[in-house]
Amino acid sequence: MPRNVQRRQQILEALAQMLEDNPGDRITTARLAARVGVSEAALYRHFPSKAKMFEELIQFIEDTLFQRIALILQEEGEAVARCNHILYLLITFAERNPGISRLLTGEALTGETERLRHRVNQVLDRVETQIRQVLREAELREALRPMLPLPEAANLLFSCAEGRISQFVRSEFKRSPSEGWDQQYSFLMGHFFREVPSGGSGTGTAAVEEEVKAGSGTAYAGESSAVDAASSDGEDATSSGRESAGGGFS
């Protein structure tokens, strides 16, 4: 690895670790430089601003999650399993990277540029959109339709995962976001879907089929990856999306 790339990676890892070690504190470039063991001027040779460092961490989150979501979609065919593994991936990624979980909740971005909050929202919205796509495809693939309207159904599932991450951050990383997930998810699924009668809803099913053809695969699949670190830990680690959901800097 070239020395400048190695140094950039070292800076990002130090930033993520400081977010974990100092919950609630605002990270300054002076403290970050001291942690890395370089001058502030040296930091700015690698990153033009602290905001740019946060942007690369957010890009790392997005790349890591969606590389693994793509594997889940390849390996799992049923909507119940797909949604479970995608949400569990999000939860355990946050749990194994506590500092980065502060970015996901926006808590670490207090006082930073609004652009960073918008970028985090884009990543989380993209995950929710993927859940919605899986639920939409379930009607065509499995003749299953959520009891709630599609947007509300996807939001219910996503909110359960997002709420667990918020509790994890609020507890200063003491409350495990993955503990008890299986029981809660099974309860949610108890009355989540209803069967679509074969040959029923004609027009509606045809519309779903057209949407699936137009948007199959990973939501926003055309977006590119930008951080080499995103693939550093677990290209082969997502069998069924559960064995290695973390990866990050941990």
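Reply: Start with Ala 143, in the loop between H7 and strand E1 (144–146). Helices (H or I, at least four residues) and strands (E, at least two) are DSSP runs, numbered from the N terminus. The model is predicted: local features need pLDDT of at least 70, side-chain atom pairs count only at pLDDT 80 or more, and totals for chains, interfaces and linings use all residues. Residues are numbered from 1 along each chain as its sequence is written, and side-chain values use heavy atoms, with hydrogens and water left out.

Me: What makes the phi of Ala 143 worth a note?

Reply: The phi of Ala 143 is positive, about 55 degrees, although Ala 143 is not a glycine.

Me: Is Ala 143 buried, exposed or partly exposed, and how do you know?

Reply: Buried means under 20% relative accessible area, exposed means over 50%, and partly exposed is in between (1.4 Å probe, protein chains only). Ala 143 has 30% relative accessibility, so Ala 143 counts as partly exposed.

Me: Which value does the phi of Glu 172 have, and where is this residue?

Reply: Phi of Glu 172 is near 55 degrees, a positive value in a residue other than glycine. Glu 172 is in the loop between helix H8 (150–170) and helix H9 (181–189).

Me: Why is the contact of Glu 172 with Lys 174 called a salt bridge?

Reply: Side chains of opposite charge can pair when their charged atoms come close. A salt bridge needs a side-chain nitrogen of Lys or Arg within 4 Å of a carboxyl oxygen of Asp or Glu. Glu 172 and Lys 174 are at 3.8 Å, N to O, so they meet the rule. Glu 172 is partly exposed at 43%, while Lys 174 is exposed at 65%.

Me: How many salt bridges does this rule give?

Reply: The count comes to 13.

Me: What makes Asp 21 and Arg 35 a salt bridge?

Reply: Their N to O distance is 2.9 Å, so the pair passes the cut-off. Asp 21 is in helix H1 (residues 3–21) and Arg 35 in helix H2 (residues 29–36), 14 residues apart. Asp 21, at 39%, counts as partly exposed. Arg 35, at 41%, is partly exposed.

Me: How do you know that Arg 26 and Glu 112 form a salt bridge, and which parts does the pair tie together?

Reply: Arg 26 lies in the loop between H1 and H2, and Glu 112 in the loop between helix H6 (98–105) and helix H7 (114–142), so the pair ties together parts that are 86 residues apart in sequence. Arg 26 is partly exposed at 47%. Glu 112 has 15%, so Glu 112 is buried. Arg 26, Lys 50 and Glu 112 are linked in a network of salt bridges.

Me: How many aromatic pairs are there, and what makes a pair?

Reply: There are four aromatic pairs. One of them is Phe 192 with Phe 193, with ring centres 5.0 Å apart and planes at 80 degrees, so the pair is edge-to-face. Rings of Phe, Tyr and Trp (its six-membered ring) pair if their centres lie within 6.5 Å; planes under 30 degrees apart count as stacked, over 60 as edge-to-face and the rest as tilted. Phe 192 and Phe 193 are both buried.

Me: Why is Arg 126 said to sit over the ring of Phe 66?

Reply: The test asks for NZ of Lys or CZ of Arg within 6 Å of the ring centre and within 35 degrees of the ring normal. The charged end of Arg 126 is over the Phe 66 ring, 3.6 Å from its centre. Arg 8 lies over the face of Phe 47, at 4.3 Å from the ring centre.
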